[in-house]
Amino acid sequence: MSSRIAILSENISNMIAAGEVVERPSSVVKELVENSLDANAREIIVEIEHGGRKMIRVADDGEGMSRDDAFLCLERHATSKLRKPEDLSALTTLGFRGEALPAIASVSRLTLQTCGNDEGEGVEIQVEGGTIRQSREIGLPRGTLIDVRNLFFNTPARRKFLRRDETEIGHIADVVTKQALAHPDVQFRLLHNGRCLFEVRRDSSLPERIAAFLGRPLLKQLLPVEVEDGVDLTLSGYICPPEVNRSTSGAIYTFINGRCIRDRVVQHAVIEGYRNLLMKGRFPVVVLFLTLDPAMVDVNVHPTKHEVRFRDQRRVHDFIAARLKQTLQPAAWLESAPADEPSPGAELQPSASPPVAPRHPLAHTPETASVSRREQVQESLDRYARRSSVESPAVRPYSSPPRSAPGGATAEPEVERERKGGFFSSLRYLGQYHNSYLLCQQDENLLLIDQHAAHERIRFEKLRRDYRRGEVPRQGLLFPEVIEFDFKAAAALQEGLDTLAAFGFEIEPFGGKAFAVKSVPAVLGQTNVEELLHDVASDLEAIGKSGAPDDAVDEFLMRLACHGVIRANQALAPPEVQALLDELDQVDFKAHCPHGRPVQVRLTLGEIERLFKRT
Ligand code: ADP
Ligand code: MG
C-alpha cells in the first residue's frame with residue numbers, strides 16, 4: 001500500500017508558521033522592527049497604509065544583507081542569529097527562529113531591498129505568496145527596507161479577522177511604542193497614510209518617551225527604579241505612585257532582557273509590589289526592565305516570543321515585588337495604612353478582637369474576604385486623600401448635629417418614613433459606623449448597609465435602565481475637557497464614539513490623540529472626567545461596535561457607576577442617608593449585579609444575643 005503521509009511543501013509550512021507568527025498587521029511590524037533592531041539600526045521608519053492591510057513598510061539604517069543573504073533570509077529556518085544548540089541558551093538577539101520573513105512573504109506581496117556594503121551595491125527581491133517573482137541589483141545606502149502589501153491576500157479567512165483601520169493602527173502603534181521604550185538610543189518614526197503619528201529622536205530620554213507615549217502629566221509623577229540583587233538580576237525603569245492607575249493591566253510595560261514580554265510571573269510581581277495600595281480591579285502604570293543572565297530564562301516557549309520561562313521563578317518574582325514595595329514605601333500613602341491608625345471613639349466590636357478587624361463573623365457571604373480586602377484598600381486610599389479629616393468618631397450617633405437638607409429644611413426621617421413606606425426608607429436609621437456603614441433597625445434585626453456599595457448599586461441600576469430605554473440623560477461640562485490618550489486608547493475611542501453616545505457621552509476628536517469631552521452621563525454627578533475617560537477607553541474594546549453581549553454592557557455600566565460614588569469613610573448627614581435609603585427602594589434587588597457584592601448584611605436579635613452569650 002502506498003504511503004498516505006507526505007512531507008508538506010515549503011510554502012505550506014510557511015503559511016502554517018504564518019498562522020502562528022502573523023496574526024495581524026501589528027505582528028508583521030513587530031517582526032520587522034525586531035529584525036531592524038537586531039541589525040543594530042539607529043533609525044527605524046515604519047510607514048503604514050490603511051491600518052496595514054494595504055501596506056506595511058519598515059526601513060532601517062542597520063547592517064543590511066549581502067546578495068546571498070538576501071535570498072537566504074526568505075528561506076524557512078534561515079537565520080544569522082543562531083548556529084549551535086548551545087546558542088539557544090545564550091540569546092541576546094530578539095529573533096532566532098528564522099521564521100518571520102518566509103512566513104510574512106508567504107501571505108503577502110513582499111519586496112525586500114537591502115544593502116550590506118558601503119559601495120551602495122544593493123539588491124531588490126520581489127516575492128508573491130512565497131514565490132520569488134523578480135530580483136535585480138539596485139543602488140542603495142546601507143540598510144534594509146521591507147515593503148509588505150496586500151497582507152493575507154491569499155488567506156481570506158485571516159483577512160476577515162482584520163478590524164477597522166483605527167483598531168489595527170492602534171495595535172501597531174502599541175508595538176512600536178514598546179520597541180521605542182526599550183531602545184532609547186534608536187530613533188523611531190511611525191506614519192499612517194502619510195501622516196506622522198509619532199517621532200522619537202535618538203537623544204530623547206526614557207522619561208521623555210514615557211511621557212510622549214503615556215501622557216505628558218505622568219512626567220512629574222515618575223519614580224525611578226534602579227536596583228540590583230547583587231548576583232545577576234537588575235531592575236530598572238520608572239513606576240508611578242498608586243494614585244496614577246488604570247482599569248486594565250495595559251499600562252504595565254515589562255521588558256525582559258530588552259524584549260517586551262507580558263509574563264505572568266512578572267505581572268504578578270508588579271501587582272504584588274502595589275498590594276494594599278490599589279483598589280481591586282485597578283492596575284499600576286509602570287515601565288520596567290528586568291535584566292538577567294540569558295541562561296536563566298528560556299525565550300523559546302512561544303512562536304511570537306510573548307512568553308518566557310524563568311529557571312528560578314520565585315527569585316525573580318520576589319525580587320521585583322520587594323523592590324517595588326521599597327520604592328513605593330517612603331511615600332505618604334503607606335504611613336496611613338489602616339493597621340497603623342488607631343480609630344478614635346467607640347468601637348462596635350468586643351474589645352478583645354484585634355483592632356484592625358472591624359469585620360465580624362456575621363458578614364458570612366462567600367465574597368467576604370475579597371470584599372473586606374477591597375474596602376481596606378479603598379479606605380487606606382481615601383484616608384490618604386483626606387488625611388486631614390479622619391478625626392471623626394468611629395460611630396457617628398444619629399443625634400450628631402444634623403446638617404441642613406438642600407433648601408434649608410432639616411429632613412425628618414421619622415416622618416419621611418411614613419410617607420415613603422418602602423423597605424429601605426422605612427428602616428430606623430441608628431447611625432453611621434466607621435463613616436462607612438449605615439446601621440439601621442428593621443423590626444428586631446440590625447441591618448448594616450455598605451454605603452459605598454449601595455450608592456454604586458443605585459447608579460448602576462439607573463444607568464442600565466436608561467441605557468435599555470435608549471436615552472441616558474447627559475450633563476454638559478461647563479468647559480469641555482480636552483484629554484490626551486495613548487495610541488491604543490485613542491484608536492478605541494475614535495472607533496467607539498457612537499457607542500459612547502448611547503451611554504450619555506458627548507466626545508469629539510480634538511486632533512492627534514486628544515479628545516474633547518463635552519458631556520458625561522448625568523447620573524455620575526461630580527466626577528474626575530479624565531480618570532473616567534481613561535477607564536472608558538480601555539473598556540471599549542470589550543463592548544465592540546454594536547450589539548455587545550449583555551454581560552459586557554453590564555460590566556461597562558458597573559465601571560461607570562463606580563465613578564464619583566459615595567466612598568467608604570465619608571461622613572454622611574442624616575438627610576443624605578435618607579436620600580440614599582429612599583433611592584435604594586427604587587432599585588430592583590432581584591436583578592444580578594456584576595460585582596456580586598452584598599449591599600447589606602442582616603444580624604438578627606438571636607445572633608446578637610448569642611454574641612453576648614445570652615442564649
Ligand atoms: P530571525 O530574526 O529569527 O533570524 P527572520 O526570518 O526574521 O528570522 O530573519 C532572517 C534573517 O534575515 C535574520 O537572521 C537576519 O540575518 C536577516 N535580516 C532580516 N531582517 C533584516 C534587517 N532588517 N537587516 C539585516 N538583516 C536582516
Ligand atoms: Mg526576526
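User: What does pLDDT express in this predicted model?

Analyst: pLDDT is the predictor's confidence in each residue, from 0 to 100. In this predicted model, the value stays under 50 over residues 331-419. For that stretch the model has 135 contacts beyond four places in sequence. The mean pLDDT of the chain is 80, and 82% of its residues reach 70 or more.

User: What makes C115 and C260 buried?

Analyst: The limit is again under 20%. C115 has a relative accessible area of 0%, so C115 is buried. C260 has a relative accessible area of 19%, which is under the limit, so C260 is buried.

User: How many disulfides does the structure hold, and what would count as one?

Analyst: A pair of cysteine sulfur atoms within 2.5 Å would count. The structure holds zero disulfides.

User: How do you know that β3 and β4 pair, and in which sense?

Analyst: Pairing requires at least two bridges. Strand β3 (residues 109-115) and strand β4 (residues 121-128) have six bridges, in the antiparallel sense; therefore they count as paired. R109 stands opposite E128 in β4. In the hairpin of these strands, with five residues between them, G120 takes a positive phi near 80°.

User: What joins β4 to β5?

Analyst: Eight bridges join β4 to β5, and the two run antiparallel. E124 has R136 as its bridge partner in β5. Two residues lie between the strands in the hairpin of β4 and β5, where G129 takes a positive phi near 55°.

User: What makes β5 and β8 edge strands?

Analyst: The open sheet has eight strands in the order β5-β4-β3-β6-β2-β1-β7-β8, with mixed pairing. β5 (131-139) and β8 (195-200) each pair on one side only, and these are the edge strands. From one strand to the next, the twist averages 10°.

Definitions and conventions
Residues numbered from 1 in each chain as written. Chains lettered and ligands numbered in written order. Predicted model: local features only at pLDDT ≥ 70, side-chain atom pairs only at ≥ 80, totals over all residues. Heavy atoms only, no water. Helix = DSSP H or I, 4+ residues; strand = E, 2+ residues; numbered from the N terminus. Axes fitted to C-alpha atoms, helices over the stretch in contact; angles between N-to-C directions. Contact = heavy atoms within 4.5 Å. Buried < 20%, exposed > 50% of the residue type's maximum accessible area, 1.4 Å probe, protein only.
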